[in-house]
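Visitor: I am new to this structure and would like a short tour. Could we begin with how the parts meet?

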Amino acid sequence: MSNASTAPSNASTLPDGWEMVIGLEVHVELHTATKLFSASPNRFGDAPNTNIDPVTLGLPGALPVLNRKAVELAIRLGLALNCRVQASTFHRKNYFYPDLPKAYQISQYDQPLNIDGYLMLPGDVRIGIERAHLEEDTGKSTHFGGSSGRIHGSDYSLVDFNRAGVPLVEIVSRPDIRNSDQARQYVNELRSILLAVGASDAKMEEGSMRVDVNVSVRRPGEPLGTRCEIKNVNSVRGVGRAIDYEARRQVDLIESGGVVRQETRHWDDAEGRTHTLRSKEDADDYRYFLEPDLVLLDPDTEWVEAIRASLPPLPAARRAGLATLTGADKESEAVYVVVERGQDVYVATVAAAGGEPSRTLVYVQQAFAEESSTPRVPAADLAALTILERDSKVTATQAKTILAELVANGGGDAAAIAAAKGFEALDTSAVEAMVDAAIAAQSDAWAKYCAGEEKAAGALVGAVMKASQGKADGKVVTAVLQARRAAG
Amino acid sequence: MVPRFASVLDIARDIREGATSATRVLEEHLSRIDAREGEIHAFNLVTRDEALASAACIDADIAAGKPVGPLAGVPIALKDNMCTRGVPTTCSSKILEGWKPPYNATVVTKLHDAGAIVVGKTNLDEFAMGSSTENSAFGPTRNPLDTSRVPGGSSGGSAAAVAAGFAAASLGSDTGGSIRQPAALCGLVGVKPTYGLVSRQGLIAFASSLDQIGPFTHTVADAALLMEVIGGHDPLDSTSLPNAAPQLGVVLDRGVEGLRIGRVVDMPSGSEPEVLARLEAAFAALEAAGATVVDVRLPSLEYGLTAYYLVAPAEASSNLARYDGVRYGMRVDAPDLNAMYAATRSAGFGAEVKRRIMLGTYALSAGYYDAYYGKALKVRRLIADDFAAAYGSCDVVLTPTSPTVAFPFGDKTADPLAMYLCDVFTIPTNLAGHAAMSVPFGTGAHGLPVGVQVLAPALGEETMFRVAAALERAS
Amino acid sequence: MTEPVRDTDSRADRVLDDAVVAKVARLARLTLTPDELTVMTEQLSGMLEHFRDIDKLDLSAVAPMAQPLPLKNVMRDDVVQPGLDRDEVLAVAPAAEDQRFRVPPTIGFVE
C-alpha cells in the first residue's frame, strides 16, 4: 500500500472547529543475529524458550553486554531519519510484569542515541522526530482461561522469553501529524526507510514493527489537549481507523461537557473502538535511574560518518530521481509504486539503453508488479519497445500487448513481435483521412462534439478504430479530432 | 591470638613439590571443619565430595607430570552469593534456598582453572546486607576467636572459614566494607579491589556500582596471589576494566621508603581508644620504615554513610526485583499475579532486606528522586573529589577498618543505624570506586584483633600492597 | 549534558507517614501487616531524619556520580553463543506448562 497521494492531505474526519493532534511511537525490532545484551539468537517463530541465556532470563549474577551491530543499525536508522547522533546513556525502567525477566527494562531515558530528526510526507509535509533510542524487548505472555482470550477473567498466563532482550529502536515523532492519512503515510514511509537501510524488516503482522498512537484534540490556536495513548493497533489501516475513532470520541466527549482523561486505551479492531485499560493498582512509577551495569555509549565521529557514507539512496531521494528522469510527479502513484518495488534502478537502466523514460515508467508500473527489483526483461528489449511507441510504429494498445509478451517470456524482439502480429500504427495522414470520413459519416456526433460535449468524441473515435482494425493509435485520433474542432 | 594456619603460598608450594598431596591438605581442612563447624556455622554448604574429587584430580595430574595452576590443591571457600554451577547458591536467603545456578561466576572459573579446591559456600548477611552476618536466613556465623561475638559482615562466613582454618583462603564481596570489616574482626587480610578490576559476572548483585569481589587470607602475599588469579578483564562484564590482573607478589618487598601516608585529620569520631592506638602505632611503624606521614582532609567523608544508604538500597531495590517467583527460586502461590509477587517476596526476604528495598524504592520514586537519590549521587562526587585532592599530597591513606573490635551478638541489632555505623571508614572507598584493604595490626579490647585500613586511588593496588606488606612485617 | 526534567526538590511534601510507606510497599510488591507497617514507618523515618545531614550541603554546582568508571563504548560482536537448555531451566521453574513459565492471571484490566 503506497503513499501516493490519493486524498488531499488535509482531510479530517472531525467537525468544523476541531483539530486533531497526533504523535506516533513506533517500536521496531532490529535485524541483528543476536539480542541486544546477550548472545542468544534474535529469531522470530522458534519454539518457546529456546533462545534463552542467563541475561535473557534475568538469572542472579547475569550482566548485560551491548551488541555493536544493534548500535550500528540504530545509528543507520537515526541518520536516515535526519537525526543527530549523540553520546547516550542507558537507564532502568522498573516495573513488575511476568514478561519482564529482570523486573526492569533497560532503555534510554534523558540521553537517547538519536535526536531531532524528521521525515517528509507527500505534499512536503514535515513530521519531526523527537528521538529514536535503543531498548530491549520483553518476552511474550499468553493468557488462558478467560472466554475472550483477553486478560480480564483469565485463569493463568504462560510466558515465552524468546523475544526478551531482542533489540528495539523506539522512534518517537513530534505531535506534528494532523489527520489519519498523514499517520498512515508516516508509517508507510518509515517502513520504506527501515527496509532501505536494512535496519528492520518492519512487519506489523509479525510484530517487528509496533505502532502506538497518541491522540488529542483542540480548537485551532488553543494549547494542546489531553492526550490518550492507543495500543494494540496492528496494521496500517488500523492506525487510520483508530485515530479517526479516538479523535471523534474525544470531540464528542468534550462537546457533551465531559473531560478527556489522560490514559492508555486499547484498540479493538473487530469492534472499531477504543476501550479504557484501567488498572486497579496505582499507575506505575518507573523510578528511572542510570543503568549501573552499562557504560557510556559515545560513537566516535569516524564511525558515524562511515555509517552515513554507507547508507543507500533513501526512498525520498529515489523518488525524486525517478521523477526527474521520467518527468512524472514525485508524488504520483507510478513513482511511489516503482520505487517501493525497487525498480527505479531498472527504469534508469532502460533509459540509459536508449529507452524513452516516461513510457518506461508506465510500462514498469503496469506490467512489472510480479517482477523483482531486477526484472528479467533485458533493458535493451524494453527500450526498443518504448521507441516503437514513441515513433508511432505501434499504438499504445499494441504496445501493451507486446509488453505482456516480453514479460511472459523474460524478453524478446519487440519489432519482430509486432510484425508477427501484424501490428503497425497507421501514420498520421492516414489517420486524418479516417477521421474526416468518420466526421462525414456521423454529423450528429460531430455537431455535439463541436458544441463542447466531450463524450460525443467516443462514437467518432470508435468508428475510426473499427475502420482501422485497431491500427490507429487512439491518442492520435483524439488529437486529430481536437485539432479539427479547433480549426473550425 | 589467631592460630596460624598454613598459608596459600606454602600449601601450593608443598603440593607442587610433592611434600604433601592435595587430598591430604584437604582432609586436614575437612577435619577442622568437622571439629568446629557445628559451633561456628561458617558454611551454608560444605561441598565435601566435590572437593575430594577435585583434590584427587589434582593429585593425579601432578603424579602424571602435567602442569597445574598456581592454586593447585589449595582449599578455598566461596561466599554464597557467587554462582557455582550445579551447586546451591542462596545468598543466605529463603527466596533462593536450593537454587542451583546453571553457570559459574567468572571468578569461580578462574579459581577452577588455577586448580583451587572449593570446600564450600559460606554464610553471609542475606543478600550481602549487613555488618555482622546476623541477618542470614540460615542462622548467624560465630567469630572463631570468640564465639560469643560476631565475625563481622556481610562476608562473615568467608572470614570465619579462614580464621578457623576451614579454608586456606576465601572470597567475599564488598559493597560498603563487607570484606574489610570482617577481615578486621577476625584478624585476617581482606581486600576490596579497585572497582572493575575483578569481574562481577556471576556475583549476585546487591549494589551494582559498588560491589566488588575480593580475597580473605592470612597473609598479604597470599592476598597478592589471589588477586592475580581472580583479577583481569572479563568481556562478560561491561564494567570490567580493560586491564589485566595486577602482578602484586613482586612489589611486596619494595618497602615504603619515600611513600607519603595520609592521616585524615577530620576523621569521624566514635572509634574505640584501642583501635585508635593501633592506628597510631601503624603510622609510627611506617615512619620508622622510611615513609612520611602527611595530614589530609576529607571533609565530605562524614556524609559517606548517608550517600551510601541512599545509593546502595536504591540499586538493590532494582536488583532484587527479579526475585518474583516467576522463573526460579521460591514461589508462594496466590490467586493473582500481584498477590503472588507480594506473598513470595514477603515470605522470602528477611527484615533487613525488606527495609533496604523499601528505602531504595522510596529514594527513587517520583517526587523524591531529587531529594534523596539525586542528592546522594552528588555527595558521592564530593567524596571522590575529596579523595582526588588528598591523593595529590599522599600515596595512600590510613584509617581504622572498623571503629570497634568484634562485638557481641545482639549488640547492634536493635537500631539499624547503629549497625550501619560499623562501615563508616569502609563505605567511602566503594563510593569512589577505589582500592582498600584491611591488614591485621595487633589487638584491641578483650585481646581481639584490630585491622588497619590502607586506602589507595583507583588502580593503586601496587602501592597499597607495598604498604600492607610493611605493616605486616611490623605487626 | 542536561539533567532529565524530574520532580522538584520540595521539602514540604517529604512527610513519611503510613500512607506513603504503604504506597512504597505496593510499588516494591511487599506485603506489610499493620504492625510491620508501623515499625517500618518508624525505622525509615529515623533513617531519613539522620540522612538530612546532606541537606546542608550546597550541591548546586556538583555533577552527580552514578558510576566510578571512566569507561565507554564497551560492546560485543553480533555472534550467537550457546545458551541455556530449555528443559533444564523449566525443570527448576516454580511452575511450567507447555514449554513456558506459568503464572497466575493478571487481574486489573477493566473496561
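Guide: Contact here means heavy atoms within 4.5 Å. The model is a predicted one.

Visitor: With that in mind, how many residues do chain A and chain C bring to their contact?

Guide: Chain A contributes 68 residues and chain C contributes 42 residues.

Visitor: And how much area do chain A and chain C bury between them?

Guide: The size of an interface is often given as the accessible area lost when the parts come together. For chain A and chain C that area is about 4700 Å², with 56% of it on carbon and sulfur atoms. On the chain A side, A:R68, A:L158 and A:V295 lose the most area to chain C, and together they make up 12% of what that side buries.

Visitor: Let us turn to chain B. Which domains does it have?

Guide: The domain assignment divides chain B into domain 1 (8-247), domain 2 (260-300 + 378-474) and domain 3 (306-371).

Visitor: What lies between domain 1 and domain 3 of chain B?

Guide: There is a contact in which 19 residues of domain 1 of chain B meet 20 residues of domain 3 of chain B. These two domains of chain B bury about 1600 Å² between them, 65% of it on carbon and sulfur atoms. B:I95, B:M129 and B:F206 supply 39% of the area that domain 1 buries against domain 3, more than any other three residues. The centres of the two domains, taken over C-alpha atoms, are 27 Å apart.

Visitor: Which residues is A:L77 in contact with?

Guide: Apart from its neighbours within four places in sequence, A:L77 is in contact with A:V28, A:L30, A:A132, A:V169, A:I171, A:L194 and A:A199.

Visitor: A change of topic: what is the strand order in the open sheet of 3 strands in chain A?

Guide: The order is β5-β4-β15, and the pairing is antiparallel. β5 (104-107) and β15 (289-290) of chain A each have a single partner strand, so each has one side without a neighbour in the sheet. Strand β4 (residues 91-94) of chain A is joined to β15(A) by 2 bridges, and A:H91 has A:L290 as its bridge partner in β15(A).

Visitor: Which helix packs on that sheet?

Guide: Helix α9 (residues 304-319) of chain B does, touching β4, β5 and β15 of chain A.

Visitor: Finally, the backbone. Where is A:N49 found, and what is its phi?

Guide: A:N49 is in the loop between β1 (19-29) and α1 (54-57) of chain A. Its phi is near 55°, a positive value in a residue other than glycine. Most residues other than glycine have a negative phi, and most peptide bonds are trans.

Visitor: Is A:N49 buried or exposed?

Guide: A:N49 has a relative accessible area of 0% and is therefore buried, as buried means under 20%.

Visitor: And what of A:R287?

Guide: A:R287 also is not a glycine and has a positive phi, of about 45°. A:R287 lies in the loop between β14 (273-276) and β15 of chain A, and at 7% relative accessibility it counts as buried.

Visitor: Which peptide bond is cis?

Guide: The bond from B:G153 to B:S154 is cis, with omega near 10°. B:S154 is in the loop between β3 (117-122) and α5 (156-163) of chain B.

Key. Residues numbered from 1 in each chain as written. Chains lettered and ligands numbered in written order. Predicted model: local features only at pLDDT ≥ 70, side-chain atom pairs only at ≥ 80, totals over all residues. Heavy atoms only, no water. Pairing = 2+ DSSP bridges. Helix = DSSP H or I, 4+ residues; strand = E, 2+ residues; numbered from the N terminus. Axes fitted to C-alpha atoms, helices over the stretch in contact; angles between N-to-C directions. Domains from an automatic or database assignment. Buried area = accessible area lost by both parts, 1.4 Å probe. Buried < 20%, exposed > 50% of the residue type's maximum accessible area, 1.4 Å probe, protein only.
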